[in-house]
Amino acid sequence: MNDFRDRIRPDWASVLLHVLERAREMGPKGILAFDLDSTLFDNRPRQARILREFGEARGIGCLADCRPHHWDSGWDMKAALRSCGLSAEEAERIFPEAKAFWAERFFTSPYCLDDVAVRGAAKFVARAVEAGATVAYVTGRHEEMREGTVEAMRRNGVAVPGGDVHLIMKPTFEMHDDEFKREAHARLKRMGTLLAAFDNEPTHANDYRTKFPEAIVVHLATDHSGRPVELLEGIVSVPHFEVERRGSSVER
Ligand SMILES: [Mg+2]
């Protein structure tokens with residue numbers, strides 16, 4: 001799978017610092033839009049917990065030991081099953097049952113509590129809020145996951161909704177993510193001026209780039225759904241949000 005790592009330029013951190021500078025200049029009319037899954041949050045601990053519980057329920061020892069690193073190759077559950085120690089054949093055979101078990105749990109508040117913040121994400125959002133920007137979390141998660149989502153933010157030190165921080169979610173689980181995100185764009189336009197948007201899905205980053213040509217569009221080169229989509233020119237890829245280490249030195 002193309003993980004876009006080769007798009008990360010050595011000066012990527014300067015783009016994030018520039019966003020904060022512009023946020024200070026624009027104040028609350030400047031909006032920073034953040035996707036959640038694989039952008040601000042790393043979902044691998046949630047994925048691992050589900051496979052562990054599946055392994056425990058079915059008496060499959062190697063799955064009962066599943067850890068976040070077994071999900072390093074992205075959202076591909078068969079790859080995770082193999083990474084835990086199942087053979088390719090066993091993974092194929094068990095996949096439908098494991099997937100059904102997963103689907104009952106993944107999109108729920110109690111399970112999204114396991115998410116951890118992407119490196120530097122909490123601090124970057126805090127700096128944006130401090131700078132006076134409006135922050136909008138635009139996520140494909142549905143409203144039923146609001147409680148767990150806000151609690152995961154609290155636990156990870158990510159600014160929680162309130163004041164100039166907004167959480168825009170899908171009204172229902174059934175609504176398609178792409179359709180929802182396009183509707184959310186109209187809402188962002190009513191709120192002010194989109195200064196920057198952050199998303200790991202190439203399709204969504206491209207949508208922002210097309211609909212908001214003045215905005216800075218930042219792509220998180222974490223993982224994505226695997227759809228074969230190229231990123232449009234002008235979109236900046238970054239590995240995470242940690243822009244400073246030991247004083248002012250910028251790291252890759
Ligand atoms: Mg995402």
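Two strands pair if DSSP finds at least two bridges between them. Helices (H or I, at least four residues) and strands (E, at least two) are themselves DSSP runs, numbered from the N terminus. By these criteria strand 1 and strand 6 (residues 193-199) are parallel partners, joined over five bridges. Within this pair, Ala-33 stands opposite Ala-197 of strand 6.

The model is a predicted one: local features need pLDDT of at least 70, side-chain atom pairs count only at pLDDT 80 or more, and totals for chains, interfaces and linings use all residues. Residue numbers start from 1 along each chain as its sequence is written.

The pair belongs to an open sheet of six strands in the order 5-4-1-6-7-8, with parallel pairing. Strand 5 and strand 8 (236-238) are the edge strands, each pairing on one side only. From one strand to the next, the twist averages 25°. In a regular strand the side chains alternate between the two faces of the sheet.

Toward one end of the strand order, strand 4 (residues 134-142) and strand 5 (residues 165-170) pair in the parallel sense, again over five bridges. Here Val-138 has Ile-168 of strand 5 opposite. The chain passes from strand 4 through helix 8 to strand 5 in a right-handed β-α-β crossover; right-handed means that, with the strands pointing away from the viewer, the path from the first strand over the helix to the second runs clockwise.

A residue is buried if 20 or more other C-beta atoms, placed from the backbone, lie within 10 Å of its own, exposed if 12 or fewer, and partly exposed in between. Arg-187 counts as exposed because it has 12 C-beta neighbours inside 10 Å.

Helix 10 (residues 202-211) lies across strand 6 and strand 7 (216-220), and runs at about 175° to strand 7. Such angles run from 0 to 180 degrees between N-to-C directions, with axes fitted to C-alpha atoms, for helices over the stretch in contact. Two residues are in contact if their C-beta atoms, placed from the backbone, lie within 7 Å.

Ala-122 sits in helix 7 (residues 121-130). Apart from neighbours within four places in sequence, Ala-122 is in contact with Ala-117, Asn-156, Gly-157 and Val-158. Ala-122 is partly exposed because 17 other C-beta atoms lie within 10 Å. Ala-122 and Pro-202 are 80 residues apart in sequence, and their C-alpha atoms are 23 Å apart in space.

Ser-38 is in the loop between strand 1 (30-34) and strand 2 (41-42). Although not a glycine, Ser-38 has a positive phi of about 65°. Ser-38 counts as buried because it has 21 C-beta neighbours inside 10 Å.

At the level of domains, whose bounds come from an automatic or database domain assignment, the protein is divided into domain 1 (5-42 + 116-238) and domain 2 (44-112). Their C-alpha centres lie 28 Å apart. The contact between them takes 13 residues from domain 1 and nine residues from domain 2. On the domain 1 side, helix 8 (residues 146-156) gives the most, with four residues. The residues of that side divide into four nonpolar, five polar and four charged; Ala, Val, Leu, Ile, Met, Phe, Trp, Tyr, Cys and Pro count as nonpolar, Asp, Glu, Lys and Arg as charged, and the others, Gly among them, as polar.
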